[in-house]
Amino acid sequence: MKGFLLWGLLIFFMVYAIIPRFIMFTFGFGAFKKGRARNEIAFTFDDGPDPIYTPRLLDLLKKYQVKATFFVLGSKAEKHPELILRMHHEGHLIGIHNYVHKSNWLMAPWEVNRQINRSANIIEGITGIRPTYYRPPWGLPNLFDMVLRKQFQIVLWSLMVGDWKSRGGKEKIKKRLLHRITGGSVIVLHDCGETFGADLDAPVHMIEALEDVLREVRMQGYTCVRIDELIQIDQELSARPFRNDVSGTVSH
Ligand SMILES: [Zn+2]
C-alpha cells in the first residue's frame, strides 16, 4: 500500500511539475525563451523592484537608452509603486513573477492563479495597464500553467549567468554574458538579492557588469529590446519568411 502511494506521488509530481518544465525548456512549447532575431537581444530582470538596486539599474538603462523587461513580485510592487511607475514611464515592459517568490511546483493551480491575478491587479492599479507577460519563479512551471497561455505569455530565458551569487563578482558575470550572448538571446538577471538562495549584495556586481556589457554589445551591433518586441520580430519573420527587410534580422 505504502509503495503504491509513493509511486502515485512520484507519477503525480512527474506529470504536474517535471514534464511541463522539460517540455517548455527543451521544446519551447507554451513559453518564449529565445528569439530568432539576428541583431536584437532582450535583457530581463527578476525578483524586484528593490528600493536600492532597481533605481540604480533604471539609471543605467536610461544612460544607455536601453529598454528592458521586468518580472516583478506583486508584493514588492505594492510596497514600491513609485518604482513600477518609473519603469513604466521610462518605457520598460512590466511582467509578473508571482505575488511572493514561491515555486509553482509547491502550489495548487488556484493558488498560482491567485498570485498572478493579485499581482496583475496591483500593477494595473499603478500603471493603468494590465500585464500580459509572466515568468514563474525559478522558471518552474506546473502543468496548469500551460492553461495560463490564454491570458499570459509565459517567458523563460536562453541565458542565465548565476548573477544572484556574489562570488566571482562583476568579472564572472561580464565574462559569461559576453561569451554567450547571440542574436535573439533572452537574458535573465536579478535586481534584488533577497530571494532564497541569493546573496543580498549580488545586484551590485550585476549592475557593474551590465554597464560594461551594454557598452560592448552596442559596439557589436546589438540592439536591446523588450520581450514583446523580440516576440514581434519572430512573428514578422514567420509571416514573411522570404523577405529580408524586417529589422535586418533575417538570417537567410
Ligand atoms: Zn525569481
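This is a predicted model: local features need pLDDT of at least 70, side-chain atom pairs count only at pLDDT 80 or more; totals for chains, interfaces and linings use all residues.

We begin with the whole chain. Its secondary structure comes to 9 helices and 8 strands. The radius of gyration is 18 Å, close to the 18 Å that the globule rule gives for 252 residues, so the chain is as compact as a globular protein of that length. Along the principal axes, the C-alpha trace spans about 65 × 45 × 40 Å, and 41% of the 252 residues count as buried. If we take the contacts between residues at least 6 apart in sequence, 77% of them join residues that are at least 24 apart.

Which residues of H9 are buried? They are Ile227, Leu230 and Ile233. Seen down the helix axis, the buried residues of H9 fall within an arc of 120 degrees, so they line one face of the helix. These buried residues pack against strands E1, E2 (69-72), E3 and E4 (133-134), whereas Gln235 and Ala239, on the other side of H9, are exposed.

Most residues other than glycine have a negative phi, and most peptide bonds are trans. Against that background, consider the loop between strand E1 (40-46) and helix H2 (53-63), where Pro49 lies. A cis peptide bond, with omega about 0 degrees, joins Gly48 and Pro49. Asp47 is found in the loop between E1 and H2 as well, and its phi is near 85 degrees, a positive value in a residue other than glycine. Because Asp47 has 25 C-beta neighbours inside 10 Å, it counts as buried.

Where is Asn98 found? Asn98 sits in the loop between strand E3 (93-96) and helix H5 (109-127). Although Asn98 is not a glycine, it has a positive phi of about 80 degrees. Asn98 has 25 C-beta neighbours inside 10 Å, and therefore it counts as buried.

Note on methods: Residues are numbered from 1 along each chain as its sequence is written. Helices (H or I, at least four residues) and strands (E, at least two) are DSSP runs, numbered from the N terminus. The radius of gyration is taken over C-alpha atoms; the globule rule is 2.2 Å times the number of residues to the power 0.38. A residue is buried if 20 or more other C-beta atoms lie within 10 Å of its own, exposed if 12 or fewer, and partly exposed in between; C-beta atoms are placed from the backbone. Two residues are in contact if their C-beta atoms, placed from the backbone, lie within 7 Å. The arc is that of the directions from the helix axis to the C-beta atoms.
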